[in-house]
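User: Can you walk me through the charged side chains in this one? I'd like to go pair by pair.

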Amino acid sequence: MKTFKGILSWVIPIVLGLAIALVIKQTFFTVAKVSGPSMDPNLHDRQTIMVWRQAKPKPGSVIVFNATGVDPNAASNDGAVKRVLGTAGTDYVKRVIAVPGDTVAFKNNQLYVNDQVVKQPYISKDAQTEGTEYSQQKGNWDLHSLSTQAPNWLKDRGVVKVPKDKYFVLGDNRKVSNDSRYWGFVPKDKIIGVVQTLPFGSNATARNNINHQAK
């Protein structure tokens, strides 16, 4: 009997601790590891990040979302992140450019949201211009032209604004990023959370470019 009570005395705290950790993971945050260069120079391959589940995505926020059913090729691509504490589907990490009701366009080498030039201090001028072109449609584009011409836009054909409960996202490394230009919007219910970097694994500029750009 004493042995059994002794076992319970250390088993119960472990079980409770695991249960609390699971609740925190499912409710408040999870941990992920970046895979690939689509968010360079601000997130790098194999970097560990925090993903806050309760944070509201805003323009400039960096988010993690389940790309299954969003990108038709998600199952065959390497995900942009791998959740350290378990994953369901293929997860991507991208930056929110526009929210429901916004218009988005790229013209004369500048990105516009609601007909206003988007300031993008988190990436270089080169990435803001040349890298933002849609590869099969060099030069200008808007949501209508993307949604009718990009082959992987399987939903929201002919839209001119970001639909309700959806988001338009781009990778910071525009020249290589597989993002909304190619397959459309991210539904709200696919978003896992908003990214925050840890105080190690990157420099102060990169951390600021991830943690403090939400508008």
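Analyst: Arg-95 counts as buried because its relative accessibility is 0%, where buried means under 20% relative accessible area, exposed over 50% and partly exposed in between (1.4 Å probe, protein chains only). Before going on: this is a predicted model, where local features need pLDDT of at least 70, side-chain atom pairs count only at pLDDT 80 or more, and totals for chains, interfaces and linings use all residues. Residues are numbered from 1 along each chain as its sequence is written, and side-chain values use heavy atoms, with hydrogens and water left out.

User: Which residue does Arg-95 pair with?

Analyst: Asp-172, with the closest N and O atoms 2.8 Å apart. Arg-95 sits in strand 5 (residues 91-98) and Asp-172 in the loop between strand 10 and helix 4, so the bridge ties together parts that are 77 residues apart in sequence. Helices (H or I, at least four residues) and strands (E, at least two) are DSSP runs, numbered from the N terminus.

User: And Asp-172, buried or exposed?

Analyst: Buried, at 0% relative accessibility.

User: OK, what does Lys-175 bridge to?

Analyst: Its partner is Asp-126, at 3.0 Å between the closest N and O atoms. Lys-175 is in the loop between strand 10 and helix 4 while Asp-126 is in helix 2 (residues 125-129), so this pair links parts 49 residues apart in sequence. Lys-175 is exposed at 54%, and Asp-126 is partly exposed at 33%.

User: What about Lys-166?

Analyst: Lys-166 pairs with Asp-156, the closest N and O atoms being 2.9 Å apart. Lys-166 is buried at 18% relative accessibility; Asp-156 is partly exposed at 22%.

User: Switching topic: where is Arg-174?

Analyst: In the loop between strand 10 (166-170) and helix 4 (180-183). Arg-174 is buried but has no salt bridge.

User: How far away is the nearest side chain of opposite charge?

Analyst: That's Asp-172, 4.6 Å away. For charges, Lys and Arg count as positive and Asp and Glu as negative, with His and the chain ends not counted.

User: So what does Arg-174 touch?

Analyst: Leaving out residues up to four places away in sequence, its contacts include Ile-97, Leu-111, Gln-120, Tyr-122 and Arg-181. Contact here means heavy atoms within 4.5 Å.

Notes:
A salt bridge is a side-chain nitrogen of Lys or Arg within 4 Å of a carboxyl oxygen of Asp or Glu.
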